[in-house]
Amino acid sequence: MKHRVPKEIQLLLIEQFNCDKKNELIKISADGPINDKEYTLFKYHVAEVTATKPLDINTWKRVFERLINDKTGKPFEQSDTTCQIIAKFLGCESWSELEATKETLKPKHKKNVSEILPKTTDSLMHKGDVMEIQYGPDRKLRLEFQGNAHFNFKVVNTVNTMFEYGDLVHVPFIREGEPLIGWDIMRNNRIIGQYNSADNHLINKKRIIPLKKDS
């Protein structure tokens, strides 16, 4: 069954995104994302929060009614999967619950730091800590944690990768045995694109190196 996303829920999506990003420069207007860069940031943030596969930006353009059905001249209806992701992002158990509460629902404040360590541990990264990742047959990265920001890591060492020293990257939740997916890259103060490793280039080792504090 498909559903049309009403304006009230579209607005809630924007409000929740901006609530999550309140300490960052990245904001989306009341009309929703306006370009592919904003849609890309939006889709990966929703995927990270909901622990789901990122939806295509054209799906989100249909949600926000930037793409209209040429055959009917009306907005597209969304699949159950998309609607469930929307509901989960907004803190509801189901689409029916979201529809029933959309008039009174408010953005929920939650932490926006990407989870780097497995969910079974209470350890957290602190600014200046280094994450070392080995993936594929011979690729290695060291990334310095930058704190609660979209570009949450800086490349400080790279072996056989396309990254360069000093690149700022957005690292979503990652775990061993999975590829690198949805890494936005900023180089010399310019966003240069997004990195997705080959499907068979899986993370085979990951460790955290705490910042040494002066004694």
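This is a predicted model: local features need pLDDT of at least 70, side-chain atom pairs count only at pLDDT 80 or more; totals for chains, interfaces and linings use all residues.
Biologist: What is the mean pLDDT of the protein, and over which residues is the pLDDT below 50?

Modeller: Of the residues in the protein, 90% reach a pLDDT of 70 or more, and the mean is 86.

Biologist: Are helices α2 and α4 roughly parallel or roughly perpendicular to each other?

Modeller: Helix α2 spans residues 36-50 and helix α4 residues 80-89, and their axes lie 9 Å apart. The angle at which they pack is about 75 degrees. Angles of 65 to 115 degrees count as roughly perpendicular. The arrangement of α2 and α4 is therefore roughly perpendicular.

Biologist: Which residues of α4 make the contact with α2?

Modeller: By class, four nonpolar, two polar and one charged residues form this contact. Helix α2 contributes H45, V46, V49 and T50. From α4 come I85, K88 and F89.

Biologist: Against which helices do the buried residues of α4 pack?

Modeller: The buried residues of α4 are T82, C83, I85, I86, A87 and F89. They pack against α1 (7-20), α2, α3 (57-63) and α5 (95-101).

Biologist: Is M162 buried or partly exposed?

Modeller: M162 lies in the loop between β3 (153-159) and β4 (168-169), where it touches I185, R187 and Y195. Its relative accessible area is 41%, whereas buried means under 20% and exposed over 50%. M162 is therefore partly exposed.

Methods. Residues are numbered from 1 along each chain as its sequence is written. Side-chain values use heavy atoms; hydrogens and water are left out. Axes are lines fitted to C-alpha atoms, for helices over the stretch in contact, and angles run from 0 to 180 degrees between N-to-C directions. Helices (H or I, at least four residues) and strands (E, at least two) are DSSP runs, numbered from the N terminus. Angles under 35 degrees count as roughly parallel, over 145 as roughly antiparallel, 65 to 115 as roughly perpendicular and the rest as oblique. Contact means heavy atoms within 4.5 Å. Ala, Val, Leu, Ile, Met, Phe, Trp, Tyr, Cys and Pro count as nonpolar, Asp, Glu, Lys and Arg as charged, and the others, Gly among them, as polar. Buried means under 20% relative accessible area, exposed over 50%, partly exposed in between (1.4 Å probe, protein chains only). pLDDT is the predictor's confidence in each residue, from 0 to 100. Lists of a residue's contacts leave out its neighbours within four places in sequence.
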